[in-house]
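Subject: Structure handover

Hello,

Here is the structure I promised to pass on. Please open it alongside this email; my notes follow below.

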Amino acid sequence: MMTKDGTADAAIPKGCPLDLVMRLLSGEWTTHILWVLSNNGPTRHGELRRRVEGISSKVLTDRLRMLEQEGVVFRDYEPTVPPKVTYGLTDHGRELDDALRSIHGIAERWG
């Protein structure tokens, strides 16, 4: 952001769109979940839990609910026996995927 005198303001104001996206991505396990969904497409809960090594079922459920609430992940429920629940990326999630892939490229070059 720019200040009144035309210089760049170094602080990211709390609650601004950039701050909100950065807080979303910095949440524990968030980038792992998004990476799995971007590479595998729509995925069931159990498969997500297996692919995101070390995450508990409860934490995965909490993260998925938060991502769904933020409009990054969709939840598809089919009332079968047992119920079939699949998670995938929304348009917003795919936009974040583009950014994560760019960051991944930087990380590989720096590594």
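Glu47 and Arg51 both sit in helix α3, which spans residues 45-51. They are four residues apart, about one turn of the helix. Their side chains meet in a salt bridge, at 2.6 Å from N to O. Bear in mind throughout that this is a predicted model.

Glu47 has a relative accessible area of 26%, so Glu47 is partly exposed. Arg51 is also partly exposed, because its relative accessibility is 44%.

Two more of them are worth a look.

Lys58 and Asp62 form one, with the closest N and O atoms 2.9 Å apart. Both residues lie in helix α4, four residues apart, about one turn of the helix. Lys58 is exposed, because its relative accessibility is 59% and the cut-off for exposed is over 50%. Asp62 comes to 35%, so Asp62 counts as partly exposed.

Asp91 and Arg94 form another, at 2.3 Å from N to O. These two are three residues apart in helix α5, so about one helical turn separates them. Asp91 is exposed, with a relative accessible area of 56%. Arg94 is partly exposed, at 43%.

Back to α4 for a residue of another kind. Is Leu67 buried or exposed? Leu67 is buried, with a relative accessible area of 0%. Leu67 lies in α4, which covers residues 57-69. From Leu67 to Arg44 is 23 residues in sequence and 15 Å in space, C-alpha to C-alpha.

Helix α2, residues 30-40, has its own set of buried residues. They are Thr30, Ile33, Leu34, Val36, Leu37 and Ser38.

The largest pocket has a volume of about 160 Å³. Which residues line it? The lining of the largest pocket is made up of Pro17, Leu20, Val21, Leu24, Glu70, Val72, His92 and Leu96. Two elements give two or more residues to that lining: α1 (17-26) and α5 (91-110). The largest share comes from α1, with four residues. By type, the lining divides into six nonpolar residues, one polar and one charged.

There is also a nonpolar patch on the surface. Ile12, Leu18 and Met22 form this patch, and together they have about 290 Å² of accessible area. Ile12 belongs to the segment before α1. Ile12 counts as partly exposed, because its relative accessibility is 48%.

Last, the backbone. Most residues other than glycine have a negative phi, and most peptide bonds are trans.

- Trp29: phi is near 75°, a positive value in a residue other than glycine. Trp29 lies in the loop between α1 and α2. Trp29 counts as buried at 19% relative accessibility, because buried means under 20%.
- Gly41: phi is positive here too, at about 75°.
- Val81 to Pro82: the peptide bond is cis, with omega near -10°. Pro82 is in the loop between β2 (73-78) and β3 (84-89).

When you go through the structure, I would take the topics in the order above.

Best wishes

Notes: Residues are numbered from 1 along each chain as its sequence is written. This is a predicted model: local features need pLDDT of at least 70, side-chain atom pairs count only at pLDDT 80 or more; totals for chains, interfaces and linings use all residues. Side-chain values use heavy atoms; hydrogens and water are left out. On a 1 Å grid over the protein atoms alone, a cavity is a set of points where a 1.4 Å probe fits but cannot get out, and a pocket is an open set with protein on both sides within 12 Å along at least five of seven lines; lining residues have an atom within 4 Å of a point. Grid points are joined across faces, edges and corners, and a volume is the space filled by probe spheres set on the points. Ala, Val, Leu, Ile, Met, Phe, Trp, Tyr, Cys and Pro count as nonpolar, Asp, Glu, Lys and Arg as charged, and the others, Gly among them, as polar. Patches are made of residues with over 30% relative accessible area and no salt bridge: like charges are joined within 9 Å, nonpolar side chains (Val, Leu, Ile, Met, Phe, Trp, Tyr) within 5 Å. Accessible areas come from the Shrake-Rupley method with a 1.4 Å probe; for residues, only the protein chains shown count as cover. A salt bridge is a side-chain nitrogen of Lys or Arg within 4 Å of a carboxyl oxygen of Asp or Glu. Buried means under 20% relative accessible area, exposed over 50%, partly exposed in between (1.4 Å probe, protein chains only).
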